[in-house]
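Dear colleague,

Please find the structure below, handed over for your own work.

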Amino acid sequence: MGSDSLSYIDALCAIGPAGDRAGKMMLYGQFVGAWDGTVTVYRANGEQSQSTCEVHFGWALAGRAIQDVWIAPSRHERAAGEGDRMYGTTLRMYDPQRDEWQIVWTDPVRQAFNQMIGRKVGNGIVQEYRDGEGTICQWSFTDIEADSFHWMSRESTDERKSWRITSEFHLKRRKRPEDRVDTETDANSAQLRAFDFWQGTWRVTDPGTGKELGLSRVDSILGGRVLHEQWSGADGYRGESFNIFNKDRQCWHQSWVSDNGTLLLLDGGVKDGAMDLEGTAPDGERHRIRWTPQTDGGVLQEWDASSDGGQKWQQRFAGLYRRR
Amino acid sequence: MTIPHGFIEALPSPQRSPALSDEEDIFGFLIGSWDLDAVLYSASGEIQKIRGELHASRVLEGRAIQDLFIFPRRADRAAGVPEHGDRYATTIRTFDRALKAWRVTFINPAADETSAQLIARDEGNGIAMEGKLSGGTPVRWAYPAIAADAFHYIAEKLESDSKAWQLYLELFGKRSA
């Protein structure tokens with residue numbers, strides 16, 4: 001990616017669905033990630049051709065759309081000099097008024113430009129449009145499992161009395177490096193994901209007054225094992241932290257460092273539905289920070305300190321995180 | 001949930017596809033980031049000014065161009081977004097070899113009535129586009145003036161109860177520092 005692409009990607013991508021339609025978004029959101037498989041094209045004259053393929057889905061437009069890229073043959077399985085047979089993208093936008101999906105497919109390679117409506121049908125998805133000749137074209141997702149699905153296109157020239165299959169894809173979810181953590185013991189993998197709700201790019205405000213306190217960015221790094229926080233306060237204060245589930249000690253840990261020389265080391269874990277971390281500074285002051293996921297997708301962070309060993313606590317900071 | 005690496009690696013492209021000639025590459029000027037001053041004109045004559053942002057990249061092996069078109073800017077959205085006409089939108093532009101023109105698809109889930117499909121052709125020093133909003137209202141968009149670091153854009157529509165084209169959006173874009 002060039003530097004131009006970075007600001008484009010930052011503006012395009014979201015890490016999850018928009019809060020006001022999260023459930024509905026999962027119809028296509030379930031496919032977010034990378035898929036590999038085969039595509040078979042059936043021509044009207046009975047000929048058929050097969051190819052490898054790869055498909056990539058991502059959240060887009062502040063979580064109100066899903067965009068994907070369909071590529072055939074797979075880029076890593078091509079012969080020298082073999083070109084693209086398909087390299088297209090779909091934008092899928094959920095329409096809450098109509099409870100259906102507006103779908104636009106564009107493939108410059110095959111010069112395909114299709115617009116259609118998508119709906120959940122049973123456990124699958126059916127998309128439909130009529131082409132210029134009035135043929136009903138139907139694209140559907142069937143046999144949807146967590147790690148595999150089947151996609152088929154077919155057409156009817158006699159108002160659905162008969163159908164001709166035009167192509168089908170069989171796809172399996174690609175194993176990513178991040179998946180390693182999921183194959184560890186169940187106890188560990190649940191713990192490893194326990195702080196994922198804090199990932200994102202955030203605007204942080206005072207929960208009482210609404211005053212802007214700063215901007216935060218929390219990224220999953222090192223194969224999904226570590227969360228990296230970058231804080232930029234409206235007052236100019238800047239700091240960063242690494243957060244990790246320490247499997248040797250079976251607890252969550254945060255190391256916070258800042259531009260005024262603060263080092264804060266906190267340990268803890270999930271308590272009462274919040275990430276709850278605590279530590280003692282060299283001067284004996286105890287610090288306790290809690291991150292509580294909110295029902296709207298935000299996060300409330302509360303930082304309390306006690307200088308008498310934990311009898312009296314005073315709030316140091318409270319910030320409400322909203323996704324940018 | 002994270003942003004899937006495969007998706008952001010497969011979609012953007014650093015350069016134009018050799019399949020597109022210089023003459024065909026009429027939207028190449030948009031690549032990069034822009035600060036926008038948007039002016040919205042309502043049918044009743046009200047004028048609203050909002051700051052926005054636009055980020056464009058080549059995509060699909062450099063055969064198409066996609067942009068993100070956002071106003072209010074993300075930095076301003078904490079203060080709230082307008083009840084009508086919010087834009088957190090994307091445009092896909094692809095050259096149609098049969099039409100010898102660009103297909104422009106504008107998708108705005110934040111306010112779907114502003115979504116549109118148009119056909120674009122170069123015209124003088126600028127670009128002219130014709131098409132329809134998602135509800136069927138005819139629209140014409142134009143970049144009448146394009147410079148290296150600035151552009152002007154106007155959008156007009158023809159409501160069914162009107163005989164005259166009505167200006168509804170104007171943009172003044174400046175390349176971001």
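**The enclosed cavity**

The largest cavity has a volume of about 150 Å³. A cavity here is a set of points, on a 1 Å grid over the protein atoms alone, where a 1.4 Å probe fits but cannot get out, and lining residues have an atom within 4 Å of a point. The volume is the space filled by probe spheres set on the points, which are joined across faces, edges and corners. The search of the whole structure finds 1 cavity of 30 Å³ or more.

Please note that this is a predicted model, in which local features need pLDDT of at least 70 and side-chain atom pairs count only at pLDDT 80 or more, while totals for chains, interfaces and linings use all residues. Residues are numbered from 1 along each chain as its sequence is written, chains are lettered from A and ligands numbered from 1 in the order in which they are written, and side-chain values use heavy atoms, with hydrogens and water left out.

The lining of the largest cavity comprises 15 residues, and B:Phe69, B:Phe106, B:Trp141, B:Tyr153 and B:Leu171 lie nearest its centre. By class, this lining has 10 nonpolar, 2 polar and 3 charged residues (Ala, Val, Leu, Ile, Met, Phe, Trp, Tyr, Cys and Pro count as nonpolar, Asp, Glu, Lys and Arg as charged, and the others, Gly among them, as polar).

**The second largest pocket**

A pocket is an open set of points with protein on both sides within 12 Å along at least five of seven lines. The second largest pocket holds about 780 Å³ of space. Of its 31 lining residues, A:Met86, A:Arg110, A:Ser153, A:Thr166 and A:Ser167 lie nearest the centre. Its lining divides into 13 nonpolar, 10 polar and 8 charged residues.

**The interface between the chains**

In chain B, 46 residues are in contact with 48 residues of chain A (heavy atoms within 4.5 Å). The two chains bury about 4100 Å² between them, 67% of it on carbon and sulfur atoms; buried area is the accessible area (1.4 Å probe) lost on being put together, summed over both parts.

The rule finds 3 salt bridges across this interface, a salt bridge being a side-chain nitrogen of Lys or Arg within 4 Å of a carboxyl oxygen of Asp or Glu. The side chains of A:Asp10 and B:Arg74 form a salt bridge, at 3.3 Å from N to O.

Yours sincerely
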